[in-house]
Amino acid sequence: MAEGDFAGRLVRPFTLTGGRTRPSRADFTLITMVTTVEPQPVEAARLQPEHTRILRLCAGPLAVAELAARLDLPMSVVVIMLCDLLEAGRITVRPPHHVTRTKPDLDLLQKVRDGLGRL
């Protein structure tokens, strides 16, 4: 954020988290995909406007990093707010899939190189 951004905000980021500095869960990464649960739980507590914005933005799957950028909030604040929404049953999260490294297919790489050489 630019230096003057915090001065222009009506609500400081630490107030969005209720003064909390650490998330209640550790399963959010930059590329964790977040999606709003439909229909929303009826018995859920009233939300802050920023929580409502998160739910609107996550109508389709959205990565945590993209969400923080669109909200113009620090990642740490967004993750704490996502923890609130996850614990309230308002969002689902899909962690990134772990990729196992295998030996490269040298035959395929040779064909690609040969094909590029003909261009």
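Reader: What covers the buried residues of α4?

Author: In this predicted model, the cover over the buried residues of α4 includes β1, α3, β2 and α5. The buried residues themselves are Val64, Leu67, Ala68 and Leu71.

Reader: What makes these residues of α4 lie on the same side of the helix?

Author: Around the axis of α4 they cover an arc of only 100 degrees, which puts them on the same side of that helix.

Reader: How do you know that the buried residues of α3 line one face of the helix?

Author: The residues in question are His51, Ile54 and Leu55, in a helix that spans residues 49-57. Seen down the axis of α3, they fall within an arc of 100 degrees, so they line one face of the helix. The face turned away from that buried side carries the exposed residues Pro49 and Arg56. What covers the buried residues of α3 includes β1 (33-36), α4 (64-71), α5 (75-87) and β3 (91-94).

Reader: Why is Ala45 called exposed rather than buried?

Author: The word exposed is used for a relative accessible area over 50%, and Ala45 has 59%, so Ala45 is exposed. Ala45 is placed in the loop between β1 and α3. Although Ala45 and Ala88 are 43 residues apart in sequence, their C-alpha atoms are 8.0 Å apart in space.

Reader: What makes β2 and β3 edge strands of the sheet?

Author: Three strands form an open sheet in the order β2-β1-β3, with antiparallel pairing. The strands β2 (62-63) and β3 each pair on one side only, and they are the edge strands.

Reader: How do you know that β1 pairs with β2, and how many bridges join β1 to β3?

Author: Pairing requires at least two bridges between two strands, and β1 and β2 have two bridges in the antiparallel sense, so they count as paired by that definition. Within that pair, Val34 stands opposite Leu62 in β2. Four bridges join β1 to β3, and these strands also run antiparallel. Here the bridge partner of Thr35 is Thr92 in β3. The helix α5 packs on the sheet, where it touches β1 and β3, and its direction makes about 115 degrees with that of β3.

Reader: Which residues of β1 are on its covered face, and which are on its uncovered one?

Author: Val34 and Thr36 form the covered face of β1, whereas Met33 and Thr35 form the uncovered one.

Reader: Which residues have the most contacts inside the largest nonpolar core?

Author: The largest nonpolar core has 21 residues, and Phe28, Ile54, Leu67 and Leu82 are those with the most contacts inside it. The helices α3, α4 and α5 each supply at least two residues of this core, and its largest share, eight residues, comes from α5. Leaving aside neighbours within four places in sequence, Phe28 is in contact with Val34, Val64, Val79, Leu82, Cys83, Leu86 and Val93. In soluble globular proteins, nonpolar side chains tend to be buried together.

Reader: Where in the protein is the confidence lowest, and where is it highest?

Author: The confidence is lowest in helix α1 (residues 5-8), at a mean pLDDT of 49, and highest in β2, at 96. Over residues 1-8 the pLDDT stays under 50, and for this stretch the model has eight contacts beyond four places in sequence. The protein as a whole averages a pLDDT of 82, and 79% of the residues score at least 70.

Reader: What pattern does the protein follow along the sequence?

Author: The protein has six helices and three strands, and along the sequence they follow the pattern α-α-β-α-β-α-α-β-α. Of its 119 residues, 25% count as buried. Among contacts between residues at least 6 apart in sequence, 73% join residues at least 24 apart.

Definitions and conventions. Residues are numbered from 1 along each chain as its sequence is written. This is a predicted model: local features need pLDDT of at least 70, side-chain atom pairs count only at pLDDT 80 or more; totals for chains, interfaces and linings use all residues. Side-chain values use heavy atoms; hydrogens and water are left out. Buried means under 20% relative accessible area, exposed over 50%, partly exposed in between (1.4 Å probe, protein chains only). The arc is that of the directions from the helix axis to the C-beta atoms. Contact means heavy atoms within 4.5 Å. Axes are lines fitted to C-alpha atoms, for helices over the stretch in contact, and angles run from 0 to 180 degrees between N-to-C directions. pLDDT is the predictor's confidence in each residue, from 0 to 100. A nonpolar core is a set of buried Ala, Val, Leu, Ile, Met, Phe, Trp, Tyr and Cys residues joined through side-chain atoms within 4.5 Å.
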